[in-house]
Structures are given as structure tokens and as C-alpha cells.
Amino acid sequence: CLTPHLPKVPAGGRIVIVGAGKASAAMAVAAERFYRAGGDIDRITGFVTAPRGTLAALPDEPRVLRVVEARHPTPDESSAKAADESLALVRSARENDLVLVLFSGGASALWAAPALGLSLADKIALTRGLLKSGADIYEMNTVRRHVSRIKGGRLRMATSAPMLTLAISDVPRDDPATIGSGPTLADATTLADARAVLERRGGGMRALGLEVPEVVNAILADPANETPKPDNPAFASAEYRIVATPARALEAAAEVAARAGYDVVNLGGDLTGEAREVAAAHAKVAREA
């Protein structure tokens, strides 16, 4: 699904590749094969960040594009290092280069660049607290975009070179800003929205003996931490394409099962909710069948 969308190398320039997510290593393999076959392998550079254990599962490892492993679903020091290295690589892109971002679900944890003044430990505590309080992916990412130096369009702001993002969705309704917290997209949510999430979920966190780190409240009160908005001219030269979605994956699986003679109940790609409750609902459907 990726190869038809891969761009040509710009005349007189390079393709600078960064990426993150659960599918990013496989995307890097596909990209390297494509540019090697086209004779352009010496004009691409970069790396992607994938969950630990990914390399062992790859059919073959890319030789030009590195794969860095970090922790998911909560970040670690490797996640922070990978985010900083990605920002530095994008900043090095020249005007005649193209920055290609290979993106899939899971990138929020794999690229952890805490806002200035926020420690990685506090960011991990915040992420775990929101997860345990039942925050959905939209609430999680509204907060994460505003306590980060890379999310919510900030990766785009690291360079003036043209940028193309090719993304694989893993979120309901395929909202691009929600996939990996939208590092290359303008952010329509605000600091006030992030504060509202913490107000809604704070009670649930306290009931579990968890607290929002005090520094987070200070960061979300500082206008300097607002994300870039859709009217920012930097986004005029940044393109975003979704190359695969949960709905399409489910449809393909349903077709294979139907051809094998099974009756298929496709529950769709937009399910969301607390996992234990959704699982019980799925089990009920299975029993009724």
C-alpha cells in the first residue's frame, strides 16, 4: 500500500526520511526496496523508530535506512533520543530536499520529546495516568500535543523544506491529527482543550492514587506552548496522505474469510471504548452467532 505513493527524488536534492510507529520498520523496508530498484538509493537518508522486538520480526532489514527500537505504549529514554534525533535530521534538510515522513499508529509513544521543563518521568506518569483513567485516543493526543516539542505540527516547523507524510491509520474515523498526535499537521485543538481533558480525567486519576504532575499544569497555562494552527504558512508546502486504514484492512480480511466459506460479521473500523467493555460486547456477538 505504500509503494504507489512514494515520491520521486527531487532534482538536485535528497529525500530525508524519518518515521515512527508500529508499521514504520516495514514501511522503511518497502521504501528502501523502491529507491534501490529505481537507482536512487544513494540519494535517500534517514531512520525510523519502531517498537522493541520489531527488527526480529522483519523479513529483511533495511541497510540504508536505520530502524531504532523504543518502548510502546509508554515512552522510555530511547523514545526521547529518537525524537530528538528525528528533529535534528529534519532541521538538516535543505531547500531542494524533500522530507518524507513514514507514519503509523504508536508514534506518540515512540517519539517522546517532552516540552521544556517537563521530565520524561513526568511525561510517562501523565501518559500512564490518562490511560488508566479511561481517556480515549482523542483526549490522550489533545494533551500530548501540548506537552511536546515534536507533536501537534511541531515536526513540520523544524524545516522549511517541502514535506510529505505517508500514514497508516489505526484510529477510529482515520482522523489524521490523531494518528501519532499529528507531528506534521496543524493542530486545531488548544491549550484550553488540553486543560479541559485533565479536568475531566483528573478525578479518575486521583481515585487510582495518581496525580497530574504539577509542571504539566504550568506548561498548559503558558501561551508559548500553543501548537501551530492551520493558518500557519508552513503547512502550504506540507502534504499528508493516508495510505491504509483499519476499515480497508477489515474489508480485505472479510473477503478472504468469505471466500473460504465463512459467514462474516464485520464490526467496522470505528469501534472505541474501554477495552474490557468492548471485549465483553464482542463476546456477546460471538455467543449469539
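Helices (H or I, at least four residues) and strands (E, at least two) are DSSP runs, numbered from the N terminus.

## Basis of the model

This is a predicted model, in which local features need pLDDT of at least 70 and side-chain atom pairs count only at pLDDT 80 or more, while totals for chains, interfaces and linings use all residues. Residues are numbered from 1 along each chain as its sequence is written, and side-chain values use heavy atoms, with hydrogens and water left out.

## Nonpolar cores

A nonpolar core is a set of buried Ala, Val, Leu, Ile, Met, Phe, Trp, Tyr and Cys residues joined through side-chain atoms within 4.5 Å. Buried means under 20% relative accessible area, exposed over 50%, and partly exposed in between (1.4 Å probe, protein chains only). The largest such core has 28 residues, and Val101, Phe103, Trp111 and Leu155 have the most contacts inside it. Two or more residues each come from strand S1 (15-20), helix H3 (77-91), strand S4 (98-104), helix H4 (107-110) and strand S5 (163-168). H3 gives the largest share of this core, five residues. Apart from this core lies another, of 27 residues, including Ala28, Ala30, Ile41 and Leu166.

Contact here means heavy atoms within 4.5 Å. Leaving aside neighbours within four places in sequence, Val101 is in contact with Val18, Trp111, Leu155, Met163, Leu164, Thr165, Leu166 and Thr184. One of these partners, Thr165, lies in strand S5 and is buried, with a relative accessible area of 1%. Not counting residues up to four places away in sequence, Thr165 touches Val101, Phe103, Thr184, Glu239, Tyr240 and Arg241.

## Helices H5 and H6

Helix H5 (residues 120-132) packs with helix H6 (residues 137-146) at an angle of about 165 degrees, their axes 10 Å apart. Axes are lines fitted to C-alpha atoms, for helices over the stretch in contact, and angles run from 0 to 180 degrees between N-to-C directions. Angles under 35 degrees count as roughly parallel, over 145 as roughly antiparallel, 65 to 115 as roughly perpendicular and the rest as oblique. H5 and H6 are therefore roughly antiparallel to each other.

From H5, Leu126, Thr127, Leu130 and Leu131 meet Met140, Val143 and Arg144 in H6. The residues of this contact divide into five nonpolar, one polar and one charged; Ala, Val, Leu, Ile, Met, Phe, Trp, Tyr, Cys and Pro count as nonpolar, Asp, Glu, Lys and Arg as charged, and the others, Gly among them, as polar.

## Backbone features in loops

The peptide bond from His72 to Pro73 is cis, with omega near 15 degrees. Pro73 is placed in the loop between strand S3 (66-70) and H3.

Asp174 is not a glycine, yet has a positive phi of about 55 degrees. Asp174 lies in the loop between S5 and helix H7 (191-207) and is partly exposed, with a relative accessible area of 22%. Ser181, also not a glycine, has a positive phi of about 65 degrees and is found in the loop between S5 and H7. Ser181 counts as buried, at 0% relative accessibility.

## Surroundings of Ser181

Not counting residues up to four places away in sequence, Ser181 touches Ser108, Asn141, Arg144, Arg145, Lys151 and Gly152. Ser181 and Thr142 are 39 residues apart in sequence and 7.6 Å apart in space, C-alpha to C-alpha.
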